[in-house]
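Have the model open beside this report. The notes below go through charge pairs, surface patches and overall build.

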Amino acid sequence: MAELKAVSEAGNIDALYSLLGKCVHVFEQFDGKSLVENPIHIAARNGHTHFALEVMRLKPSLALILNAQGLSPLHLAVQKGRNTTVLRLVEMNKDLVRVQGREGMTPLHCAAEKGDRQLLVAFLSANLESLTDVTIRKQTALHVALENNMVDCVDVLLSVSWKKLLNWQDEDGNTPLHIATKYNQFQVVKKLIDRQVDINATNRENSTALDVSQQLGSQEIRDLLLAFCAPSIPRVYSSVNNYMR
């Protein structure tokens, strides 16, 4: 085990085959195990692209295993900014984009969280269905990008998301429109309205995006939402405002 780890840390393919010559079953120690670091984790973390690909070619299942931190090799490579390694791993197995790690985060969620537009585009090109994957908090990659104010990634996700995802509610019932309103992302709110999202959707607190804008005092977004809300909504707010005067 120690020798395999050292070979992986060095990213030395020749040394790997020397080790395999001594013990052809060296990878079998990982069979049936989870939450354990394997050679692809180590290589991906260090950016040893060719070594990671060679091990993955010999033992494909290792690329799916999570380490003790709940991360797959692809998660680690994304986290460490090893983009060349990331892209080559995805070329070899497009389904790696959908591996759920800690708290249900996929590599797509991680790219959205980091604001890495290049990886986001690559992941979506490889596996568009990854858009539907949600975390344990029922958040899509769009929710994550919005919460982290990653505007470039938000634009990419808006361009490829279908209406069901644009109206998707997380565990608190918040749609992307609720989140964009909460963080005063006016241009995103405008784009969501242009995509004809459900403006009157309510979250678990029974609040619409308009309610959220009222609470946060975003006048610009409030005016925009008022212009597009169902007729009954503006009248309700108008009545309340008149009553409070």
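Predicted model: local features only at pLDDT ≥ 70, side-chain atom pairs only at ≥ 80, totals over all residues.

E103 forms a salt bridge with R137, and the closest N and O atoms are 2.6 Å apart.

R137 has a relative accessibility of 35%, so R137 counts as partly exposed.

## E9 and R45

Which residue pairs with E9 in a salt bridge? The partner is R45, with the closest N and O atoms 3.3 Å apart. This pair, too, links distant parts of the chain. E9 belongs to helix 1 (residues 2–10), and R45 belongs to helix 3 (residues 39–46). The two are 36 residues apart.

E9 has a relative accessible area of 31%, so E9 is partly exposed. R45 is also partly exposed, at 21%.

## K190 and D194

A salt bridge also joins D194 and K190. Here the closest N and O atoms are 4.0 Å apart. Both residues lie in helix 13 (residues 186–194). They are 4 residues apart, about one turn of the helix.

Are the two partners buried or exposed? D194 is exposed, with a relative accessible area of 52%. K190 is partly exposed, at 36% relative accessibility. Elsewhere, salt bridges with shared partners join E9, E37 and R45 into one network. The count of salt bridges comes to 10.

## Negative patch

Four acidic residues form a negative surface patch: E147, E171, D172 and E205. E147 is placed in helix 9. Its relative accessibility is 35%, so E147 counts as partly exposed. Patch residues need over 30% relative accessible area and no salt bridge.

D172 is in the loop between helix 11 (163–166) and helix 12 (176–182). D172 is partly exposed, with a relative accessible area of 41%. The C-alpha atoms of D172 and Q139 are separated by 9.8 Å. Along the chain, D172 and Q139 are 33 residues apart.

## Nonpolar patch

Which residues make the nonpolar surface patch of about 220 Å²? They are L128, V160 and W162. L128 is in the loop between helix 8 and helix 9. The relative accessible area of L128 is 39%, so L128 is partly exposed.

## Positive phi angles

N149 is not a glycine, yet its phi is positive, at about 55°. N149 is found in the loop between helix 9 and helix 10 (151–160). Its relative accessible area is 47%, which makes N149 partly exposed.

Q196 is another non-glycine residue with a positive phi, here about 60°. The residue lies in the loop between helix 13 and helix 14 (209–216). At 57% relative accessibility, Q196 counts as exposed. The cut-off for that class is over 50%.

## Overall build

How many helices and strands does the chain have? Its secondary structure comes to 16 helices and 0 strands. The radius of gyration is 23 Å. For 245 residues the globule rule gives 18 Å, and the chain is well over that, so the chain is more spread out than a compact globule.

The C-alpha atoms fill a box of roughly 85 × 25 × 25 Å along the principal axes. Of the 245 residues in the chain, 47% are buried.

Technical notes:
Residues numbered from 1 in each chain as written. Heavy atoms only, no water. Salt bridge = Lys/Arg side-chain N within 4 Å of Asp/Glu carboxyl O. Buried < 20%, exposed > 50% of the residue type's maximum accessible area, 1.4 Å probe, protein only. Patch = residues over 30% accessible without salt bridge, like charges linked within 9 Å, V, L, I, M, F, W, Y side chains within 5 Å. Areas by Shrake-Rupley, 256 points an atom, 1.4 Å probe, with all protein chains shown as cover. Lys, Arg positive; Asp, Glu negative; His and termini not counted. Charge placed at Lys NZ, Arg CZ, Asp CG, Glu CD. Rg over C-alpha atoms; globule rule 2.2 N^0.38 Å.
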